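Please read the following report with the sequence and the 3D structure at hand.

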Amino acid sequence: MIHFNKDDVERLSRGKSSRSKIGSRSTPHRLTQKERILFEAAQRQGFLKVPASGIRPNVLNIYRLWCEAEGREFNVKNTN
């Protein structure tokens with residue numbers, strides 16, 4: 001099992017390689033400015049709020065990894 005921390009996830013979200021070599025080139029991780037706002041709000045609130053217009057899988061991937069690194073439950077809520 002690969003152990004990683006929040007810093008590794010943050011590096012991935014900015015398009016940089018992680019020190020623990022998590023992530024995959026075939027899985028998108030880099031976040032746009034708007035996606036980063038959603039991600040940072042999810043960190044504070046404890047759940048990822050998906051807008052009605054939807055989001056790219058990047059945000060879900062990064063938030064899932066961050067929850068795993070934090071030992072938190074992965075919660076996603078749709079706002080329809």
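Is Arg14 buried, partly exposed or exposed? Arg14 has a relative accessible area of 46%, so it is partly exposed; buried means under 20% relative accessible area, exposed over 50%, and partly exposed in between, with a 1.4 Å probe and protein chains only. This is a predicted model, in which local features need pLDDT of at least 70 and side-chain atom pairs count only at pLDDT 80 or more, while totals for chains, interfaces and linings use all residues. Residues are numbered from 1 along each chain as its sequence is written, and side-chain values use heavy atoms, with hydrogens and water left out.

**Salt bridges**

Side chains of opposite charge can pair when their charged atoms come close. A search of the whole structure finds six salt bridges, a salt bridge being a side-chain nitrogen of Lys or Arg within 4 Å of a carboxyl oxygen of Asp or Glu.

| Salt bridge | N to O distance |
|---|---|
| Glu10 and Arg14 | 2.8 Å |
| Arg36 and Glu10 | 3.1 Å |
| Arg72 and Glu70 | 3.8 Å |

Arg36 counts as buried at 11% relative accessibility, whereas Glu10 is partly exposed at 26%. Elsewhere, Lys6, Glu70 and Arg72 are linked in a network of salt bridges.

**Aromatic rings**

The whole structure holds three aromatic pairs, where rings of Phe, Tyr and Trp (its six-membered ring) pair if their centres lie within 6.5 Å, and planes under 30 degrees apart count as stacked, over 60 as edge-to-face and the rest as tilted. In one of them, the ring centres of Phe39 and Trp66 are 6.4 Å apart and the planes stand at 90 degrees, so this pair is edge-to-face. Because Phe39 belongs to helix H2 (residues 33–45) and Trp66 to helix H3 (residues 57–70), the pair ties together parts that are 27 residues apart in sequence. Phe39 is buried at 1% relative accessibility, and Trp66 is buried at 6%.

The rings of Tyr63 and Phe74 have centres 5.8 Å apart and planes at 40 degrees, so they form a tilted pair. Tyr63 is buried at 0%, whereas Phe74 is partly exposed at 37%. Phe39, Tyr63, Trp66 and Phe74 form one aromatic cluster.

Methods:
Helix = DSSP H or I, 4+ residues; strand = E, 2+ residues; numbered from the N terminus.
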